[in-house]
Amino acid sequence: MADLATLCPGAAWPDYQGGGLLNLMQTLSLELGGPDLGHAPLTSGALAGIGNHRHVCLILIDGLGDAQLRRLGPDSRLRALQRATISSVFPPTTAAAVTTVLTGRSPAEHGLIGWHLLHGEEIIAPLPLYARHPADAGGQEQHRADTLYRARPMFDRLARPAFLYLPDFIAYSPCSRHHAGHAERVAYRGLADGFARLARRLADPQPAFHYLYLPQLDTLMHEQGPDCDAARALLAEIDAAFAALLDEAGQCDAAVAAIADHGFVAAPDAQWLDVDADPELYGLLARPLSGETRLAYCHAKPGSAARFIELARQRLGHACWVVEGSELRTSGVFGPGPAHPDLARRCGDAVLIAKSGWNLRDTLPGEKTLRLAGVHAGVHPDEQAIPLIVYRG
């Protein structure tokens, strides 16, 4: 990544060689009798021998980056049990990182590289499966799912039964159905219910794997910012439920690991850049932006890529780095393994990588102007670094 280090000074990139989320999933799969995914194992020994426990739990607290845990919960049980700081994937965002957790595949392999991405001729949101462009006519969910999700689920290939505890509003979505595979999905309502359902299962004498997904903190920090008092209070609530779970785990030969998918940074109101406010520049694009507000994939009209890159560097350079899509794709930041057949096309001709504090957007007819107080998916260290928390009883 030497070229990117020159192009994007100070940027934080993922570690796929033993210090990242992908490596954690490789190690977890082998510990639980699952497939060898072909990636390097986790260098940290925090998970060594975890498969010897009757129950193994993986809790994913969406958005709880290492920086958020340090600032919001310095005296928490979660912080006390942190065994390492590891990297997320690229981009550090839910679509990419959670899919890596559920499949054990890198973003390069599974192809879900942003909240919005190019799929066929549509720009879609791969998790809720709606089309941003052209306007969604409805009725396409199953077709999109059948053609979009290519990576094989991991949790139903372990040598023990697997249970996925998911919020009721996503438990039955096409995305959840695919990525759970034949594992059992357990829908829950609210934090307390999610932890309670998991705790009850730990009394079962049959060995099992349990995955609990908690999106609540991420939602709050998007709305109110990563350092708000409400986030501190919510983390305290999560921590209390986590501590209570450990009391149960200690009696049931259960090991518990907790991770995040990404961290967060604040999004100052004055640093939102409307790319579509420049008609000449935006007019060179064949379709709207895809990706994220911290990382925008740009698809230029035929013959216009070079001009777009030149103009973008001149006019947007204060807010973002402009990298050729092919350069980003071949740099290795999306991870190892056989590339998804649509990876190159989804990267586009150019990628706008937001600098610290900045966000990029365009607004289509019928859309409200996007405003968020907290964001992720960029290259700030606070977006990339995530905690690895382990309780072994």
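Biologist: Before we look at pairs of side chains in this predicted model, what counts as a salt bridge?

Modeller: The rule looks at a side-chain nitrogen of Lys or Arg and a carboxyl oxygen of Asp or Glu. Such a pair is a salt bridge if the two atoms lie within 4 Å.

Biologist: With that rule, which residue meets E121 in a salt bridge, and where do the two partners lie?

Modeller: The N to O distance between the two side chains is 3.0 Å, and the rule asks for a distance within 4 Å. E121 lies in the loop between strand 3 (117–119) and strand 4 (122–125), and its partner lies in the loop between helix 12 (279–282) and strand 12 (290–292), so that distant parts of the chain, 166 residues apart, are linked. By this rule the count comes to 19 salt bridges, and the partner of E121 in this one is R287.

Biologist: How is the chain divided into domains, and how far apart are their C-alpha centres?

Modeller: The domain assignment gives domain 1 as 8–105 + 151–266 + 380–391, while domain 2 is given as 272–375. Between the C-alpha centres of domain 1 and domain 2 the distance is 29 Å.

Biologist: How much area do domain 1 and domain 2 bury between them?

Modeller: On the side of domain 1, 22 residues are in contact with 18 residues of domain 2. Carbon and sulfur atoms hold 65% of the area that the two domains bury between them, and the value for that area is about 1500 Å².

Biologist: Which residues form the salt bridge that has its closest N and O atoms 2.7 Å apart, and which element gives the most to the side of domain 1 that touches domain 2?

Modeller: Across the interface of domain 1 and domain 2 the rule finds one salt bridge, and E383 forms a salt bridge with R294 at that distance of 2.7 Å. The elements giving two or more residues to the side of domain 1 that touches domain 2 are helix 10 (216–224) and strand 10 (265–266). By class, this side of domain 1 has 13 nonpolar, seven polar and two charged residues. The element that gives the most to it, with four residues, is helix 10.

Biologist: Why is the pair of F155 and F209 tilted?

Modeller: A search of the whole structure finds four aromatic pairs. F155 lies in the loop between helix 7 (141–148) and strand 6 (162–167) and F209 in strand 8 (residues 208–214), so this pair ties together parts that are 54 residues apart in sequence. The ring centres of F155 and F209 are 4.8 Å apart, and the pair counts as tilted because the angle of the planes is 55 degrees.

Terms used. Residues numbered from 1 in each chain as written. Predicted model: local features only at pLDDT ≥ 70, side-chain atom pairs only at ≥ 80, totals over all residues. Heavy atoms only, no water. Domains from an automatic or database assignment. Contact = heavy atoms within 4.5 Å. Buried area = accessible area lost by both parts, 1.4 Å probe. Nonpolar A, V, L, I, M, F, W, Y, C, P; charged D, E, K, R; others polar. Phe/Tyr/Trp six-rings, centres within 6.5 Å; stacked < 30°, edge-to-face > 60°.
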